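Dear colleague,

I am handing over the structure below, and after it you will find a summary of what turned up when I went through it. Please read the two side by side.

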Amino acid sequence: MTASKLDQFRAYQDELTAIRRDIHAHPEIGLEEYRTADLVASKLAELGIEVHRNVGKTGVVGVLRNGNGQASIGLRADMDALPIQESTGVPWASQNPGLMHACGHDGHTTILLGAAKYLAATRNFNGTVNFIFQPGEEGVGGAEAMLQDGLFQRFPCNAVFGLHNSPGLDVGHVISSHGPRFAGCAFFDIHITGKGAHGARPDEGIDPVMVAAHLATALQTIVSRNLPAQEAAVVSVTRIQSGDAYNVVPETANLAGTVRAFKRTVMTKIEANMTRLASSVAAGFGAEARVDFRNLFSAVVNDPQQAEAYEAAAAAVMGEERVHRNAPPTMASEDFGAMMEVVPGAHVHFGNGPSASVHNHRYDFNDDAIPYAAALFAEIVERKLAREA
Ligand SMILES: [Zn+2]
Ligand SMILES: [Zn+2]
């Protein structure tokens, strides 16, 4: 009996763990992944894979062709770290003060390198695999930067597949769904201008703090009163700033926060209602308000056909009972959605075991998860680019 795909990847465990911990020790902020991109490029080159640098600033694409098949597939991993001071205490902890791989992108990068190693060695597929190492996933537009650089014109893909680790989910398990996986995300700033005055004589001014307070409350009616109850959305005011003194009515106030929704139409409606509320609430107090609304992430929406194939691949690698289909989507966001708007694809979460949550200063990627996720990437390639029997 031949070794299972998982067993073949377990043989890479020590090598891949060393790579993962090396990347973890040297985290880089989004769009500045110079060392990480160097490492990725040199590993791909060692495997005999064609390497393209600077696709979306620090992005790297590896191209592996086999046979005469015209079909192609994209596998995507993200490479960036977060501006967090690490406190895991592990021997491979960040050597860069104030920066940390707190979202497991060190693991994702390693997983894609592992899949590349296996596919370059075994070549049990017919067509082209594009290994997409994306920079700047954490809100700085890395996916968009790659698309702007002609990612899918230069490296055409019939389908794209991504994944993200999930703390709390057992290692070797996958969650998936057909349809939305991550919400779309926008950030907003609302600048309120009133009229400054002495704190003892507010009647001589226009108090922007009152406008901010009323507006923060009014914004909570957008989801509850303006959207159909079936449409999931979040409006969070996460920052209110105004004033410097006990006895001064300030001139200005600023509100900021984030919006999440699964549909473009819902996001557009929230923006319109926010703009209307801001200007009319401010006008009611004699003040003015200006809204700066920025759409950052598209929703990640799994193509049903690609999700089905991805789930079947996961079941083949991990066992049917470890693939949890029809999982509810998360209101968090992933900029892979920008790629999936161009090319149909699917994204799944895989288990990271009982770790701290992502974006926490005690989080660490679980190396035991590497063989499962890398084998999943390899399996979907061998299924989508199957050789003639
Ligand atoms: Zn993250
Ligand atoms: Zn992440």
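**The largest pocket**

In this predicted model, the largest pocket has a lining of 21 residues, and those nearest its centre are Cys 103, Phe 182, Ala 332, Ser 333 and His 359. The space in this pocket comes to about 390 Å³. Two or more lining residues come from each of the elements β5, β8 (184-193) and β13 (288-297), and among the contributors β5 gives the most, with three residues.

Because His 105 lies in helix α4 (residues 105-122) while His 164 lies in strand β5 (residues 159-166), the pair ties together parts that are 59 residues apart in sequence. His 105 and His 164 are both buried.

Val 209, Met 210 and Phe 285 make a nonpolar surface patch of about 220 Å². Of these residues, Val 209 has its place in helix α7 (residues 208-219), and with a relative accessible area of 33% Val 209 is partly exposed, which is over the 30% that a residue needs to be part of a patch.

With best regards

Technical notes:
Residues are numbered from 1 along each chain as its sequence is written. Chains are lettered from A and ligands numbered from 1 in the order in which they are written. This is a predicted model: local features need pLDDT of at least 70, side-chain atom pairs count only at pLDDT 80 or more; totals for chains, interfaces and linings use all residues. Side-chain values use heavy atoms; hydrogens and water are left out. Patches are made of residues with over 30% relative accessible area and no salt bridge: like charges are joined within 9 Å, nonpolar side chains (Val, Leu, Ile, Met, Phe, Trp, Tyr) within 5 Å. Accessible areas come from the Shrake-Rupley method with a 1.4 Å probe; for residues, only the protein chains shown count as cover. A salt bridge is a side-chain nitrogen of Lys or Arg within 4 Å of a carboxyl oxygen of Asp or Glu. Helices (H or I, at least four residues) and strands (E, at least two) are DSSP runs, numbered from the N terminus. Buried means under 20% relative accessible area, exposed over 50%, partly exposed in between (1.4 Å probe, protein chains only). On a 1 Å grid over the protein atoms alone, a cavity is a set of points where a 1.4 Å probe fits but cannot get out, and a pocket is an open set with protein on both sides within 12 Å along at least five of seven lines; lining residues have an atom within 4 Å of a point. Grid points are joined across faces, edges and corners, and a volume is the space filled by probe spheres set on the points.
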